[in-house]
Amino acid sequence: MTAFPVGAQAQGGGTSAAAPGLPTDLSIWGMFAQADWVVKLVMIGLVLASLVTWTVLVAKHLELARQRESAEQFRDKLAATQSLAQLDPAFADHPIVIQAREEIAQSAGSLDDREGLKERLVSRLDRHEAKVARKMTQGVTILGTIGATAPFVGLFGTVWGIMNSFIGIAEQQTTNLAVVAPGIAEALLATALGLVAAIPAVVIYNHFARAIAAHRAVVADSAAALLRVVSRDLSRGTLPEGKV
């Protein structure tokens, strides 16, 4: 009969002995510091992914704003131009003009084939538009990757952390919430970081997708305006051979 109280006292003593080992700092940094090394790696990766997202936002926003303004000025100037000879010299080195110049130079001696020249110009300008779109999407596609994978990476960290918590429950042979809760909180922090990384990435990706589509439309309008100018010169017979 005396063995039972002794056992109970030993079990109670074991529980009280484990108490000093429980985490006392439940701040975000404290939970990170006390987490398993795998969960730490997951958290660090998600924080880096979030930094990449905001870096791309700033860099790509500045790039698109600068190029969009320049493209709109060129489109408006070209739309008001009646002949290539009247084109503003400031736009002589614009990529679209260079493409037209090269095609006209390569078509020297066959400018009487107006439809053939127009088809070749359309082909060149379509390729230029696609090239601009590819350049604009550089750095943006990584946002889609982060938005799609970050929640699952965070979930992996959570699963790993909760698994370790259950292992700790089995080793300490206790279901005391004070023992279990800190480990689960550390694990859930990984999921929270995954959402923090993924949600802005998806929103910013969609924003840039619309901005790039709008910029591509401006490039397409400029190409169409240049084709109209070339068509006018062909009709008048004033298209210069070998240069624009």
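H3 passes H6 in a left-handed crossing. By left-handed I mean that the near helix is turned anticlockwise from the far one by less than a right angle; clockwise would be right-handed. Helices here are DSSP runs of H or I with at least four residues, strands are runs of E with at least two, and both are numbered from the N terminus.

Before going on, the provenance. This is a predicted model, in which local features need pLDDT of at least 70 and side-chain atom pairs count only at pLDDT 80 or more, while totals for chains, interfaces and linings use all residues. Residues are numbered from 1 along each chain as its sequence is written, and side-chain values use heavy atoms, with hydrogens and water left out.

Back to the pair. H3 and H6 pack at an angle of about 160°, and their axes are 9 Å apart. The axes are lines fitted to C-alpha atoms, for helices over the stretch in contact, and the angle between N-to-C directions runs from 0 to 180 degrees. H3 and H6 are therefore roughly antiparallel; the classes are under 35 degrees for roughly parallel, over 145 for roughly antiparallel, 65 to 115 for roughly perpendicular, and oblique for the rest.

Which residues make the contact? From H3 they include Val 38, Val 42, Leu 46, Ala 49 and Val 56, and from H6 they include Ile 142, Ile 146, Ala 150, Gly 154 and Trp 160. Contact means heavy atoms within 4.5 Å. By class, this contact has 14 nonpolar, 4 polar and no charged residues. For that count, Ala, Val, Leu, Ile, Met, Phe, Trp, Tyr, Cys and Pro are nonpolar, Asp, Glu, Lys and Arg are charged, and the others, Gly among them, are polar.

The second pair is H4 and H5. Their angle is about 145° and their axes are 10 Å apart. H4 passes H5 in a right-handed crossing. On the H4 side the contact includes Pro 95, Ile 96, Glu 102 and Glu 103, and on the H5 side Leu 117, Arg 120, Arg 124 and His 128 are among the residues. The residues of this contact divide into 6 nonpolar, 3 polar and 4 charged.

Now the whole chain. Of its 244 residues, 35% count as buried. Buried is under 20% relative accessible area, exposed is over 50%, and partly exposed is in between, using a 1.4 Å probe and protein chains only. Of the contacts with a separation of 6 or more, 81% come from residues 24 or more positions apart.

Next, the cores. A nonpolar core is a set of buried Ala, Val, Leu, Ile, Met, Phe, Trp, Tyr and Cys residues joined through side-chain atoms within 4.5 Å. The largest one has 30 residues, and Leu 84, Leu 226, Val 230 and Leu 239 touch the most other members. Helices H3 (37–79), H4 (95–106), H5 (114–137) and H7 (177–236) each supply at least two residues of this core. H7 gives the most, with 11 residues. Another core lies apart from it and has 12 residues, among them Val 42, Met 43, Ala 150 and Ala 198. Val 42 and Ala 150 also belong to the contact of H3 with H6.

Finally, some single residues. Thr 158 sits in helix H6, residues 141–172. Is Thr 158 buried or exposed? Thr 158 is buried, at a relative accessible area of 5%. Neighbours within four places in sequence aside, Thr 158 is in contact with Ala 187, Leu 188, Ala 190 and Thr 191.

Leu 155, also in H6, is partly exposed at 44%. Its C-alpha atom is separated by 9.6 Å from that of Leu 195, 40 residues apart along the chain.

Ser 50 lies in H3 and is buried, with a relative accessible area of 15%. Not counting residues up to four places away in sequence, Ser 50 touches Val 196 and Ala 197.

Tyr 205, in H7, counts as partly exposed at 32% relative accessibility. With the sequence neighbours up to four places away excluded, Tyr 205 touches Val 140, Thr 141, Leu 143 and Gly 144. Tyr 205 and Leu 57 are 148 residues apart in sequence and 8.8 Å apart in space, C-alpha to C-alpha.

Last, Ala 80, in the loop between H3 and H4, counts as exposed at 61% relative accessibility.
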